[in-house]
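Please open the model in a viewer and keep the selection panel at hand.

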Amino acid sequence: MNTEKYEFIFRRLATILAVSILTLSLGAAFTGILLAFYYEPSAGGAYESLKNIATEVPNGSLIRDVHDIAGNGVIVVSLIEIVVMFLGRKFTKSWLTGWISVIFFTLNAIALAWTAMILDWSQLGYWRLSIELQTIEAIPFIGSQLRDILTGGGGITTATVEHLYTIHSYILSVSAIAIAITHLGALLVQERQQTRLQMELKAISSTSEPDLTQAEIDSNSLTFTNKN
Ligand code: HEM
């Protein structure tokens, strides 16, 4: 009985977290688009435009804060989701899709935060990126090509801001939303399968086999989930 209760709690918690992940991603994408109206992706210009957004644009500061909170918050929520899904693991197709998609989502969200490092053209972002580019350059075979793709060749310039801005706002944000939808979809399918399974088991135990033991219920549940 306790196992059933914990399974239910983990499953429901995972679905609620999946809804939060999608909501935060949509919130970040929406505020990101609002920022893009005034943001200038260039060396120096990025800093000035973000300062203008915060001081001149109505609710600009709020939009920036919401984008920061949603963008960083989604990393925390997806890390919690990985743990919750692991604790409530089921070994069904829908669980596996949810599990793999949340891992990809977390990596994608970390990449979004990473590509945003230089978008504000701050001292901290500039020096952090310089150090991290050296690490990237040290990757065997592909290191220097990867560095050139990210920076646009050479040092950290306007081309770097443009490249990272394009990766951040067009590629990674679109894939984040696509993965968040896949993840939630998988968990909703899991919810439906488990509810159906529980109803089937209740029907079996209340009619033909009143003395069904927990082991028998578990083995029935395994057969049922394997069929789905
Ligand atoms: C799922 C969607 C998105 C996520 C999760 C996300 C995440 C982030 C994160 C974590 C930051 C760094 C905030 C900080 O700590 O300072 C950031 C900054 C930024 N993002 Fe996004 N972002 C998303 C979509 C977009 C889109 C669609 C655009 C533009 C079209 C965009 C434009 C920007 C800009 C201009 C900044 C720099 C703003 C600042 O430093 O305050 N983002 N984003």
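This is a predicted model: local features need pLDDT of at least 70, side-chain atom pairs count only at pLDDT 80 or more; totals for chains, interfaces and linings use all residues.

Begin by selecting Trp99, which lies in helix α4; helices here are DSSP runs of H or I with at least four residues, and strands are runs of E with at least two, numbered from the N terminus. Trp99 has a relative accessibility of 19% and therefore counts as buried, where buried means under 20% relative accessible area, exposed over 50%, and partly exposed in between, with a 1.4 Å probe and protein chains only.

Residues are numbered from 1 along each chain as its sequence is written, and side-chain values use heavy atoms, with hydrogens and water left out.

**The iron site**

Select the ligand and display its iron atom. Which residues coordinate the iron atom of the ligand? His67 and His168 do so, each through NE2, at 2.0 Å; donors are N, O and S atoms within 2.8 Å of the metal (3.2 Å for Na, K and Ca), and sites may look incomplete because water is not among the atoms. His67 is in helix α3 (residues 60-87) and His168 in helix α7 (residues 158-206), so the pair ties together parts that are 101 residues apart in sequence. Both His67 and His168 are buried.

Next, inspect the angles at the metal. The 6 donor atoms around the iron atom subtend angles of 83 to 178 degrees, and the arrangement is therefore octahedral. Six donors count as octahedral if opposite donors are over 155 degrees apart and all others between 65 and 115. For six octahedral donors the ideal angles are 90 or 180 degrees.

**The surroundings of the ligand**

- The side chain of Arg64 has an N or O atom 2.5 Å from an oxygen atom of the ligand.
- The side chain of His67 has an N or O atom 2.7 Å from a nitrogen atom of the ligand.
- The side chain of Asn72 has an N or O atom 3.2 Å from an oxygen atom of the ligand.

**Two loops**

Select Trp121, in the loop between α4 and α5 (123-137). Trp121 is not a glycine, yet its phi is positive, at about 50 degrees. Move on to Phe141, in the loop between α5 and α6 (143-151). Phe141 likewise has a positive phi, of about 70 degrees, without being a glycine. Is Phe141 buried or exposed? Its relative accessible area is 81%, so Phe141 is exposed.

Select Leu187 in helix α7. Leu187 counts as buried because its relative accessibility is 0%. From Leu187 to Phe141 the C-alpha distance is 39 Å, at a sequence separation of 46 residues.

Continue to Thr195, also in helix α7. With 36% relative accessibility, Thr195 counts as partly exposed. The C-alpha atoms of Thr195 and Gly154 are separated by 57 Å, and the two residues are 41 apart along the chain.

Finish at Leu35 in helix α1. Leu35 is buried, at 12% relative accessibility. Its C-alpha atom is 16 Å from that of Met117, 82 residues away along the chain.

Note on methods
Four donors count as tetrahedral if all angles lie between 85 and 135 degrees; four count as square planar and six as octahedral if opposite donors are over 155 degrees apart and all others between 65 and 115; anything else is irregular. A polar contact is a pair of N or O atoms within 3.5 Å; within protein, one must be able to donate a hydrogen and the other to accept it, and residues adjacent in sequence count only if both atoms are side-chain atoms.
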